[in-house]
Amino acid sequence: MNEPKNGAPVFVKVADYKEILDVLEMIKSKVEEIRATLGTINTLQNEENAEVERWNNTISDIEKKIVEIDTMMFEPEHGW
Amino acid sequence: MGFLKFLKREKKKEDLYELDLPPEPPMLSDFEKNAPSSGVLDNPPEPDFNFSEAGEKSTNQEESTEFPAFPEIEEDPLSIPTISAPAEIQNNVPDEHEFGQLNIAEEEEPPKELEEHEESEEEHKPEDSHLQAEEKPVKFQMQRKVPIGKIIYIRVDEFKMMAASINAIRNDLKISEEDLAKLESDKHAKDKSFDKVKSCLDDLQKKLIFIDKTLFKGE
């Protein structure tokens with residue numbers, strides 16, 4: 001690569017200009033595809049987080065009920 | 001003193017009041033007499049050309065739809081002289097290795113055209129497109145002029161910028177690949193923990209069923 005001499009602009013010859021343009025178009029389409037896939041992953045992750053949160057609440061309910069049952073089983077005079 | 005006569009004539013022309021009066025216009029009645037009838041104007045008579053040879057040929061061509069036979073021209077490629085560029089132009093053709101060192105003032109047109117085209121596209125963008133650009137950071141709806149059959153040149157500073165951008169993209173791709181590998185390992189770990197939770201829940205259900213059966217056996 002050469003530096004500009006005497007302030008004149010220096011150009012680099014591009015042999016396969018059209019091919020480069022085609023590859024650039026392909027890269028653009030791939031980037032758009034990746035963006036769409038990331039959007040899908042994001043929605044799936046949100047759904048997964050919501051499901052995990054619901055699962056957590058269910059486990060908490062189960063834990064509370066088990067504790068109640070345990071209390072009733074070890075203090076029969078109060079529960080029965 | 002005869003050579004001074006032309007001066008006397010010019011003096012007469014300059015004086016407009018001494019000019020001769022023009023002839024009177026013709027009367028309207030003369031126009032009505034000489035005016036053609038309306039039917040003649042609607043269907044003007046066709047000129048009668050009496051070309052004996054040409055007329056005969058045209059009638060013959062109308063009757064026969066075949067093209068007239070033309071004499072065949074013998075193509076002799078040797079008779080056409082090859083045109084070569086002048087010696088000055090041939091000597092000034094740059095080699096592929098020397099194009100970077102040349103002062104290419106005339107070759108500035110293709111990049112200028114591209115720059116002007118891109119600038120004009122930016123100028124003609126509507127105001128709403130700016131709002132859309134906030135939602136989508138990169139917009140790939142560009143139309144380019146692709147010069148066909150021309151040698152393309154790119155400015156060196158733009159080439160450097162493009163090379164730097166390509167290096168940055170390469171680094172980003174490496175980072176993305178590493179992140180993807182990490183995400184895959186996280187996904188495997190998550191799948192394992194999901195399986196573990198599922199097995200725990202199955203055990204819990206079995207034990208609850210056992211307790212239920214034991215408590216409510218109904219002996």
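Biologist: What distance does helix α8 of chain B reach from its first C-alpha to its last?

Modeller: Helices (H or I, at least four residues) and strands (E, at least two) are DSSP runs numbered from the N terminus. The expected span of a helix is 1.5 Å times one less than its number of residues. For α8 of chain B, residues 156-215, 88 Å is expected, and the model comes close to this with 86 Å.

Biologist: Which element of chain B has the highest confidence?

Modeller: Confidence is given by pLDDT, the predictor's score for each residue from 0 to 100. Chain B averages 65, and 35% of its residues score at least 70. Confidence is lowest in helix α7 (residues 127-135), at a mean of 43. The highest mean in chain B, 92, belongs to α8(B).

Biologist: How many contacts beyond four places in sequence does the model have for residues 54-63 of chain B?

Modeller: Two residues are in contact if their C-beta atoms, placed from the backbone, lie within 7 Å. Where pLDDT is low, the predicted coordinates should not be read in detail. Over residues 54-63 of chain B the pLDDT stays under 50, and the number of such contacts is 0.

Biologist: In what order do the elements of chain A run from the N terminus on?

Modeller: Chain A holds 2 helices and 1 strand. Beginning at the N terminus, their order is β-α-α.

Biologist: Which element of chain A has the highest mean pLDDT?

Modeller: Chain A averages a pLDDT of 85, with 86% of its residues scoring at least 70. The lowest mean among its elements, 60, is that of helix α2 (residues 76-79). The highest, 91, is that of α1(A).

Biologist: How many buried residues are there among the 58 residues of α1(A)?

Modeller: Helix α1 of chain A covers residues 17-74 and reaches 84 Å, close to the 86 Å expected. This helix is hardly covered, and its count of buried residues is 0.

Note on methods: Residues numbered from 1 in each chain as written. Chains lettered and ligands numbered in written order. Predicted model: local features only at pLDDT ≥ 70, side-chain atom pairs only at ≥ 80, totals over all residues. Buried ≥ 20, exposed ≤ 12 C-beta atoms within 10 Å, placed from the backbone.
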